[in-house]
Amino acid sequence: MTHPFDFDEAFGDDYLHFARQAFDDDHDDDDARAVLAHTGLSAGQSVLDAPCGYGRVAVRLASVGLTVTGVDRSERFLDEARELATSRGVVVDLCAGDLRALPVDGPFDAVVCWFTSFGYFADEDNRQVLREFHRVLRPGGTLVIDTLSHDGFVREFTEAPELVVTEHGQDIMIDRSEFDVSDGCVVTHRTTIRDGSRRDARYFIRLLTIPEWRVWLGDAGFADVAFSDRDGDAVDLGTWRIVVRATA
Ligand SMILES: C[S@@+](CC[C@H](N)C(=O)[O-])C[C@H]1O[C@@H](n2cnc3c(N)ncnc32)[C@H](O)[C@@H]1O
């Protein structure tokens with residue numbers, strides 16, 4: 001994997017600035033409902049949200065009575081998550097750490113890796129992330145990963161829809177993506193213009209085919225691997241986002 005990943009730029013202040021504009025409460029409520037539906041969790045059970053970002057899903061899961069732990073590499077995002085938890089009157093255990101060496105042991109009833117947060121590394125490290133998810137789950141616990149569907153993405157891919165433009169007032173963020181077939185990666189060049197000043201960052205996301213998910217999850221110790229779209233319907237070539245579910 002030869003693509004650069006500018007972690008600090010891709011997940012820094014600009015990300016927060018535009019994500020907050022793009023995602024309203026209804027959007028984040030929908031995400032939390034989908035997490036509950038796919039994990040089958042109920043009040044009193046424990047969940048690890050990794051990576052949790054600025055806590056938009058984690059705090060909503062805590063609001064329905066789950067015991068929630070969030071891990072993210074960004075101290076800035078964790079501070080935002082702490083503020084959000086306080087403002088909503090819920091407790092979330094928030095820890096700084098890396099997906100490849102989680103700073104927690106669990107055991108959790110579920111691990112959630114939501115919103116295209118898997119596939120940021122070379123393949124051996126991506127597989128290490130799955131081993132870490134397995135390590136912190138209780139036997140029989142559930143892993144749920146929400147990401148882009150490899151086949152749906154490739155089938156629908158043309159440059160035009162992948163020029164994603166997000167605006168916030170006069171500020172603008174433009175993501176230009178390419179698909180690297182040899183690595184199975186979406187490679188994105190992000191240009192941000194805020195207050196008249198321009199920044200550029202690059203990042204990539206490894207998209208696994210369904211057979212690859214089965215092999216990788218099996219190798220990491222998981223069983224009962226299943227796939228659906230966000231609504232719980234079967235995956236086909238037209239599915240853009242995929243939810244991967246597996247049992248530890
Ligand atoms: C697309 S965001 C999604 C966050 C959250 N799941 C959500 O739905 O809002 C991806 C997150 O991954 C975090 N991240 C990136 N690399 C990481 C790493 N090596 N370890 C832990 N977190 C990481 C970023 O800081 C960012 O918060």
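This is a predicted model: local features need pLDDT of at least 70, side-chain atom pairs count only at pLDDT 80 or more; totals for chains, interfaces and linings use all residues.
Now into the pairs. S6 and S7 run antiparallel, joined by six bridges. The hairpin of S6 and S7 has two residues between the strands. Which residue there takes a positive phi? Gly 169 does, with phi near 60°.

Next pair. Strand S7 covers residues 171–180, and strand S8 covers residues 185–194. They pair over nine bridges, again in the antiparallel sense. Asp 175 stands opposite Arg 190 in S8. Ser 177 stands opposite Thr 188 in S8. This hairpin, S7 to S8, has four residues between the strands. Here Gly 184 takes the positive phi, near 65°.

Keep one general point in mind when you look at a sheet. In a regular strand, side chains alternate between the two faces of the sheet.

How many strands does it have, and in what order? There are seven, ordered S3-S2-S1-S4-S5-S11-S10. This sheet is open too, but the pairing is mixed. The edge strands are S3, at 92–96, and S10, at 223–228, and each of them pairs on one side only. The twist averages 15° from one strand to the next.

Inside that order, look at S5 and S11. Strand S5 spans residues 137–148 and strand S11 spans residues 241–247. The two run antiparallel, with seven bridges between them. Thr 147, for instance, stands opposite Ile 242 in S11. A helix packs on this sheet: H3, residues 25–39. H3 touches strand S4, residues 108–113, and also S5, S10 and S11. The direction of H3 makes about 135° with that of S5.

Now the helix pair. Two packed helices are described by the angle between their axes and the distance between the axes. Our pair is helix H6, residues 123–136, and helix H8, residues 210–219. Their axes come within 9 Å and cross at roughly 60°. H6 is therefore oblique to H8. The crossing of H6 and H8 is right-handed.

Who makes the contact? From H6, Asp 123, Asn 126, Arg 127 and Leu 130. From H8, Trp 213, Val 215, Trp 216, Leu 217 and Asp 219. Sorted by class, the contact of H6 with H8 has five nonpolar residues, one polar and three charged.

Last, the whole protein. It holds eight helices and 11 strands. The radius of gyration is 17 Å, close to the 18 Å from the globule rule for 248 residues, so the protein is as compact as a globular protein of that length. Along the principal axes, the C-alpha atoms fill a box of roughly 50 × 45 × 30 Å.

Definitions and conventions: Residues are numbered from 1 along each chain as its sequence is written. Side-chain values use heavy atoms; hydrogens and water are left out. Two strands pair if DSSP finds at least two bridges between them. Axes are lines fitted to C-alpha atoms, for helices over the stretch in contact, and angles run from 0 to 180 degrees between N-to-C directions. Angles under 35 degrees count as roughly parallel, over 145 as roughly antiparallel, 65 to 115 as roughly perpendicular and the rest as oblique. A crossing is left-handed if the near helix is turned anticlockwise from the far one by less than a right angle, and right-handed if clockwise. Contact means heavy atoms within 4.5 Å. Ala, Val, Leu, Ile, Met, Phe, Trp, Tyr, Cys and Pro count as nonpolar, Asp, Glu, Lys and Arg as charged, and the others, Gly among them, as polar. The radius of gyration is taken over C-alpha atoms; the globule rule is 2.2 Å times the number of residues to the power 0.38.
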